Amino acid sequence: MVCVNHILHVVGARPNFVKAAPVLRALRQRGMRQTLVHTGQHYDRDMSDLFFTQLEIPEPDFNLAVGSGSHAAQTAQIMLRLEPVVLECQPDITLVYGDVNSTVAAALVCSKLLVRVGHIEAGLRSFDRTMPEEINRIVTDRLSDVLFTPSADGDTNLLGEGVARERIHLVGNVMIDSLVQFLPAARTCSTSGLPERFALVTLHRPANVDHFENLRGILDSLTKVSQELDIIFPVHPRTRQRITEFGIHSQNLRLLDPMPYIEFLALQSRATVVITDSGGIQEETTYLGVPCLTLRTNTERPITVTVGTNVLVGDDRARLMAELGKILEGNPKKGTTPPLWDGRTGNRIADILQRM
Ligand code: UD1
């Protein structure tokens, strides 16, 4: 039996902030001692500061300010800068979130310092190792002592990889906790200037945006979509960089800056369809009952397809247009909410940690 008095959280990228906020809050309500480390993987006002403010996350106790770099450079920098912090803090457990480079770097540092690791959003697998996040998921889960899964497929994957049953806790989807909490605020956002019907687009996967042909193909598809439906496209910095580098901006697509959490949630909840390659957005649209067309051939979140509103269209433009047609005719894929996606996952995680 471990005694958990002091919990260290390591976050670094936009989706981490959305997942950590409810856990930090639930643990705070139970009076547990917490230390928050921001690795600085995301550092722009739009990608980081506004998320901390809106999600009511306290100022980090440490900011490692690693910034951007290749996978090796970024992961190594996080490890180098996190190690002394962990040595200084001596936490009883470190919580890591999702599948970004900050997640795997923190899991490596802590497990080597014999600090227990708890992984929130464990067990997800796309079975596609060309995706950097898949490597991060596999390694993080392998090193974790406590694994919190969002859906039963996560448990199945972990059990199949030999993880002991007693380490796995099916707690539900913590990202949905933030959604449930902030949806009322999102519903009050002004709709002035918003088209009656629109497609909300996000795009940032390296496989889609880092190769000239792939990115040009997707932007061409979106231009085709824009002939049927207005498009709102907040552009991730990586994608904007590539569009500029490749010189392939389409006149018909208006590129917006990345949006803060609540404004983006407002758009998601009102969208006719969301077209994306994000992981978390597949889940949020499933909860909201909004049709989602995913520009990927696989997903580590299969429940959004089997139970939710998600359809994988890959890079097949004919499929994208056919699915869009069904939505515009009022015949979208219907979905339901997966079990335990109820806004109480942070509490379940905190209860488990408190009992330890
Ligand atoms: C990372 C995660 C991805 C997650 C995404 C959410 C990894 C391997 N990938 O991808 O899983 O879905 O975050 O956004 O960890 N940049 C800025 N400002 C910032 C952050 C990034 O301009 O605040 C630019 C930099 O040029 C950087 C590029 O975006 O090189 C990519 O950032 P990075 O953190 O390496 O990966 P993401 O694509 O954001």
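**View 1. The ligand between two domains.** The shell around the ligand draws residues from both domain 1 (6-172 + 341-355) and domain 2 (188-328), so the ligand lies between them; the domain bounds come from an automatic or database domain assignment. This is a predicted model, in which local features need pLDDT of at least 70, side-chain atom pairs count only at pLDDT 80 or more, and totals for chains, interfaces and linings use all residues. Residues are numbered from 1 along each chain as its sequence is written, and side-chain values use heavy atoms, with hydrogens and water left out.

**View 2. Residues of the shell.** The ligand has 21 residues around it, and Gln41, His42, Asn101, Glu133 and Arg238 come nearest (a residue is near if one of its heavy atoms lies within 4 Å). Five of the shell residues are nonpolar, 10 polar and six charged (Asp, Glu, Lys and Arg count as charged; Ala, Val, Leu, Ile, Met, Phe, Trp, Tyr, Cys and Pro as nonpolar; the others, Gly among them, as polar).

View 3. Polar contacts here are pairs of N or O atoms within 3.5 Å. A polar side-chain atom of Arg238 is 2.7 Å from a ligand oxygen atom. For His204, a side-chain N or O atom lies 2.8 Å from an oxygen atom of the ligand. Asn101 places a backbone N or O atom 2.8 Å from a ligand oxygen atom.

Technical notes:
Polar contact = N/O pair within 3.5 Å; in protein donor to acceptor, adjacent residues only side chain to side chain.
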